[in-house]
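Subject: Structure for your review

Dear colleague,

Please find below the structure that I am handing over to you. My findings follow directly after it.

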Amino acid sequence: MSSLDYKALAAEARQIFGTAADEQELEAARVAWIGRKGRITVLLRQIPELPEDERPLAGRTLNTLKGDLSSLLDARLREFADSGAGDETGFDITHPGRTPFIGRLHPITKTLDDIIEVFREMGFDVAEGPEVESEYYNFEALNIPEHHPARGMWDTFWTKSPPGLVLRTHTSPVQIRIMENQKPPVRIIVPGRCYRADTPDATHSPVFYQVEGLYVDEGVSMAMLRGALDTFAHRLFGSDVPTRFRPSYFPFTEPSAELDIGCFQCGGNGCRLCKGSGWLEILGSGMVNPELYGFVGYDPEKVTGYAFGMGVERIAMLKYGIDDIRLLYENDLRFLEQF
Ligand SMILES: [Zn+2]
């Protein structure tokens, strides 16, 4: 065999490997040329039979060709894999599948959805309002005049330009906005973001969600408030969870009460979660202070109403056993993927 034969042989092999139309043709070429009984393999095996002076050249040339064909084979296989031309349909059943990424709802969103659903079933409509508010809606019309000591209950972000606006410290301003534009009966819940100039820690975030509720009509009573809030607590925390009203103070409700649920962690015996009391505070509420009706043109002799407000993060933390509010805002997927 002369060196010319090698050139022709190499050209033929490269042509066949280079033009194989699919993985099957390529595999056939591999078997025919560099497989255990392939042409190159057989020629390599026959080298010892060649005249002694031809053996080095034959060995080098055939081994080089075998290496080249192996590389060409790999390159063509990658080409097929990339183009997806595994078979006539273009579908390669041997290609590993891709696991679809399924998104999840954020625990705050899930909790908001749960809260809204319970009150919608009780006949409440969802209302919304602006997050940048005037001092009038955020404070004055809610019976919190300037210099009222109650303003100290909310550390407030004020705007610089234009000056005098606030990032709402609660969703309560929406109560006023809705009552200004709608005659009783009014039965709304107001989900939304609120802002307070708090230093972030395990239980405080400068941005947080509230859900506000308001029901004003003739004959609305404190017993009706208690009934609605009990239904809510039982739906979110279990039908046998105990509840209690505890007297409180808010400028826009009179009388005011906070709703506690029995601590589900210790069953009421006292633990770290409930600070030993056996009870967990979940929201503030009360009968709408008649002073507010003067701001919206309602007749306090005719209508009564109740209102409540809750921190959505607080509810979510209790429901899901989260012990630090900051986890809800760090967007760490390792945390979020648990919900
Ligand atoms: Zn407890």
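This is a predicted model: local features need pLDDT of at least 70, side-chain atom pairs count only at pLDDT 80 or more; totals for chains, interfaces and linings use all residues.

Domains. The domain assignment divides the protein into domain 1, residues 3–83, and domain 2, residues 107–336. Between the C-alpha centres of domain 1 and domain 2 the distance is 78 Å.

Seven strands form an open sheet with mixed pairing, in the order 1-4-5-9-8-7-6. Its edges are taken by strand 1 (125–126) and strand 6 (243–250); each has a single partner strand, so one side of each is left without a neighbour in the sheet.

Strand 5, residues 207–217, deserves a separate word. Its pairing with strand 4 is antiparallel and comprises 10 bridges. Within that pairing, Gly192 has Gln210 in strand 5 as its bridge partner. Strand 5 is also joined to strand 9 by eight bridges, and these two strands likewise run antiparallel. Here Gly213 is found opposite Phe308 of strand 9. Of the 11 residues of strand 5, eight are buried, so the strand is largely enclosed by the rest of the structure.

Helix 7. In this helix, which spans residues 173–181, the buried residues are Pro173, Val174, Gln175, Ile176 and Met179. What do the buried residues of helix 7 pack against? Their partners include three strands of the sheet described above, namely strand 4 (186–195), strand 5 and strand 9 (304–311). Strand 2 (132–134), helix 6 (135–138) and helix 9 (291–296) are also packed against by these buried residues.

Helices 5 and 10. The axes of helix 5 (residues 107–121) and helix 10 (residues 312–320) come within 9 Å of each other, with a crossing angle of roughly 100°. The two helices are therefore roughly perpendicular to each other. On the side of helix 5, the contact is made by Pro107, Ile108, Thr111, Leu112 and Ile115. Helix 10 contributes Val312, Glu313, Ile315, Ala316, Lys319 and Tyr320. By class, the residues of this contact comprise eight nonpolar, one polar and two charged. The spacing of the contacting residues may be read with the helical repeat in mind: an α-helix has 3.6 residues a turn, so residues three or four places apart point the same way.

A colleague

Technical notes
Residues are numbered from 1 along each chain as its sequence is written. Axes are lines fitted to C-alpha atoms, for helices over the stretch in contact, and angles run from 0 to 180 degrees between N-to-C directions. Helices (H or I, at least four residues) and strands (E, at least two) are DSSP runs, numbered from the N terminus. Angles under 35 degrees count as roughly parallel, over 145 as roughly antiparallel, 65 to 115 as roughly perpendicular and the rest as oblique. Two residues are in contact if their C-beta atoms, placed from the backbone, lie within 7 Å. Ala, Val, Leu, Ile, Met, Phe, Trp, Tyr, Cys and Pro count as nonpolar, Asp, Glu, Lys and Arg as charged, and the others, Gly among them, as polar. A residue is buried if 20 or more other C-beta atoms lie within 10 Å of its own, exposed if 12 or fewer, and partly exposed in between; C-beta atoms are placed from the backbone. Domain bounds come from an automatic or database domain assignment. Two strands pair if DSSP finds at least two bridges between them.
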